Amino acid sequence: PRLDGMTLCRRLREEFQNPVPVLMLTARDPVDDRVQGFALGADDYLVKPFSLKELDARIKALVRRAQGQQVQGTVAWADLTVDTRLARAWRQGKAINLTPSTHKLLLCLVRAAPDVVRKQALEYLLWGDDPPDSGALRTHVHELRQQVDRPFDQALIETVHGTGWRLAAAGGAVAP
């Protein structure tokens with residue numbers, strides 16, 4: 001009660017570091033909703049109505065992947081590696097210490113890369129249903145850029161004006 005699937009998935013992954021496979025069964029069909037679900041840690045996403053045969057096949061696939069596995073300790077994109085449990089990352093071998101907020105943002109961007117993560121999804125990630133009215137998200141993204149992009153020759157974090165942010169494709173090319 002009073003907890004939606006996106007919030008539950010985020011809490012399972014971030015707060016409790018729970019590796020249980022998550023299959024979202026939902027009527028929320030837009031691509032942005034699916035991307036948000038995956039960015040928050042879902043392993044699969046199935047839109048209603050669905051076939052019971054397909055549900056069974058997806059559950060079996062999730063179980064096969066989960067057997068004997070633990071929560072992944074790091075995720076990577078290009079020359080960036082992010083610890084999934086602790087607020088730290090490495091770029092070109094150089095350690096980067098993150099705040100809890102910038103860690104959440106960076107994990108979300110890496111997990112969604114090269115796709116765009118909408119501003120609303122990042123606000124939801126940090127503040128749930130009660131985002132601040134100010135430019136707090138822009139401040140956090142600026143802080144993240146200072147740590148992840150500024151010391152290096154090539155920026156990874158890109159603004160997609162009017163939409164959100166994404167990580168540049170490997171090799172510096174912008175993903176289509």
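Predicted model: local features only at pLDDT ≥ 70, side-chain atom pairs only at ≥ 80, totals over all residues.
I started with the second largest pocket, which holds about 150 Å³ of space. A pocket here is an open set of points on a 1 Å grid over the protein atoms alone, where a 1.4 Å probe fits, with protein on both sides within 12 Å along at least five of seven lines. The volume is the space filled by probe spheres set on those points.

Residues are numbered from 1 along each chain, and side-chain values use heavy atoms, without hydrogens and water.

Next I checked the pocket's lining (residues with an atom within 4 Å of a point). I found 13 residues, with Asp4, Gly5, Met6, Met24 and Leu25 nearest the centre. Two elements give two or more residues each, α1 (5-15) and β1 (23-26); α1 has the largest share, five. Helices are DSSP runs (H or I, at least four residues), and so are strands (E, at least two).

Then I looked at α6, residues 136-148. Which of its residues are buried (under 20% relative accessible area)? I got Ala136, Leu137, His140, Val141, Leu144 and Val148. They sit on the same side of α6, because they cover an arc of only 135° around the axis (taken from the directions to the C-beta atoms). Arg138 and Thr139 are exposed (over 50%) on the face turned away from the buried side.

Last stop: Asp83, in strand β4 (residues 80-83). Asp83 is buried, at 6% relative accessible area. Leaving out residues up to four places away in sequence, Asp83 touches Gly73, Thr74, Arg88, Trp90, His103 and Leu107 (heavy atoms within 4.5 Å).

Note on methods:
Expected span 1.5 Å × (residues − 1). Buried < 20%, exposed > 50% of the residue type's maximum accessible area, 1.4 Å probe, protein only.
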